[in-house]
Amino acid sequence: MTVRKQVSLWKHELEDVLASKVNEFQLLDYSKATSEDIWNCLLDKVWKGNPDKTLHEVVQDIFHLHPNIFMTYLTQQSWRDNNLQESLDALLGNEKKD
């Protein structure tokens, strides 16, 4: 019998697989890659809605995560994390007024 669980429930069993993916990305010069970033990227970009999957399907998804998808995710996260007004001020050369 094949066990299917929501992908988020498999995380604790995938530390070695995620570490392998981090090593792969670091070899490709993505030195800031972390297991947590890769996991969150998969949740956001690949597994939207936390679907039920088997363990081998989740492992396959991790190993097939393309660096372009990961970099797009990180770029979008940096946009979300930055203050929009600060970004606009920096782009437009506006100085902060105290």
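This is a working chat about a predicted model of one protein chain.

User: What is the overall make-up, helices and strands?

Analyst: The model is predicted, and its protein chain has 5 helices and 2 strands, which follow the pattern β-α-α-β-α-α-α when read along the sequence. Of the 98 residues in the chain, 23% are buried.

User: Where is confidence highest, and where is it lowest?

Analyst: Confidence is highest in H3, with a mean of 97, and lowest in helix H5, residues 84-92, where the mean is 58. For the protein chain as a whole the mean pLDDT is 86, and 82% of its residues reach 70 or more. Where pLDDT is low, the predicted coordinates should not be read in detail.

User: OK, H3 then. Which of its residues are buried?

Analyst: In helix H3, which spans residues 55-63, the buried residues are Val-58, Asp-61 and Ile-62. They cover an arc of only 100° around the axis, and this places them on the same side of H3.

User: What covers them?

Analyst: The cover over the buried residues of H3 includes helix H1 (15-27), helix H2 (35-46) and strand S2 (52-54).

User: How many residues are in the largest nonpolar core?

Analyst: The largest nonpolar core has 18 residues, and those with the most contacts inside it are Leu-14, Ile-38, Trp-47, Val-58, Ile-62, Leu-65 and Phe-70. At least two residues of this core come from each of H1, H2, H3 and helix H4 (67-81).

User: Take Ile-38. What is it in contact with, beyond its sequence neighbours?

Analyst: Once neighbours within four places in sequence are left aside, Ile-38 is in contact with Leu-18, Lys-21, Val-22, Phe-25, Leu-65 and Phe-70.

User: And across the chain, what share of the contacts joins residues at least 24 apart?

Analyst: Counting contacts between residues at least 6 apart in sequence, 71% join residues at least 24 apart.

User: Back to Asp-61, is it buried or exposed?

Analyst: Asp-61, which lies in helix H3, counts as buried because its relative accessibility is 17%, and the cut-off for buried is under 20%.

User: What does Asp-61 touch?

Analyst: Not counting residues up to four places away in sequence, Asp-61 touches Leu-42, Val-46, Trp-47 and Lys-53. With Lys-53, Asp-61 also forms a salt bridge, in which the closest N and O atoms are 3.0 Å apart, and both of these residues are buried. Side chains of opposite charge can pair when their charged atoms come close.

User: How many salt bridges are there in the whole structure?

Analyst: A search of the whole structure finds 5 salt bridges. One of them joins the side chains of Glu-36 and Lys-11, at 2.8 Å from N to O. This pair links distant parts of the chain, with Glu-36 in helix H2 and Lys-11 in the loop between strand S1 (4-6) and H1, 25 residues apart. Glu-36 is partly exposed, at a relative accessible area of 41%, and Lys-11 is also partly exposed, at 26%.

User: What about Glu-13?

Analyst: The side chain of Glu-13 meets that of Lys-5 in a salt bridge, at 3.3 Å from N to O. Glu-13 is partly exposed, with a relative accessible area of 39%, and Lys-5 is partly exposed as well, with 23%.

User: Changing topic to the backbone, what is phi at Asp-29?

Analyst: Asp-29 is not a glycine, yet it has a positive phi of about 80°. Asp-29 is placed in the loop between H1 and H2, and at 69% relative accessibility it counts as exposed.

User: And phi of Asn-50?

Analyst: Asn-50, again a residue other than glycine, has a positive phi near 55°. Asn-50 lies in the loop between H2 and S2, and it is partly exposed, with a relative accessible area of 21%.

Definitions and conventions: Residues are numbered from 1 along each chain as its sequence is written. Side-chain values use heavy atoms; hydrogens and water are left out. Buried means under 20% relative accessible area, exposed over 50%, partly exposed in between (1.4 Å probe, protein chains only). Helices (H or I, at least four residues) and strands (E, at least two) are DSSP runs, numbered from the N terminus. The arc is that of the directions from the helix axis to the C-beta atoms. Contact means heavy atoms within 4.5 Å. A nonpolar core is a set of buried Ala, Val, Leu, Ile, Met, Phe, Trp, Tyr and Cys residues joined through side-chain atoms within 4.5 Å. A salt bridge is a side-chain nitrogen of Lys or Arg within 4 Å of a carboxyl oxygen of Asp or Glu. pLDDT is the predictor's confidence in each residue, from 0 to 100.
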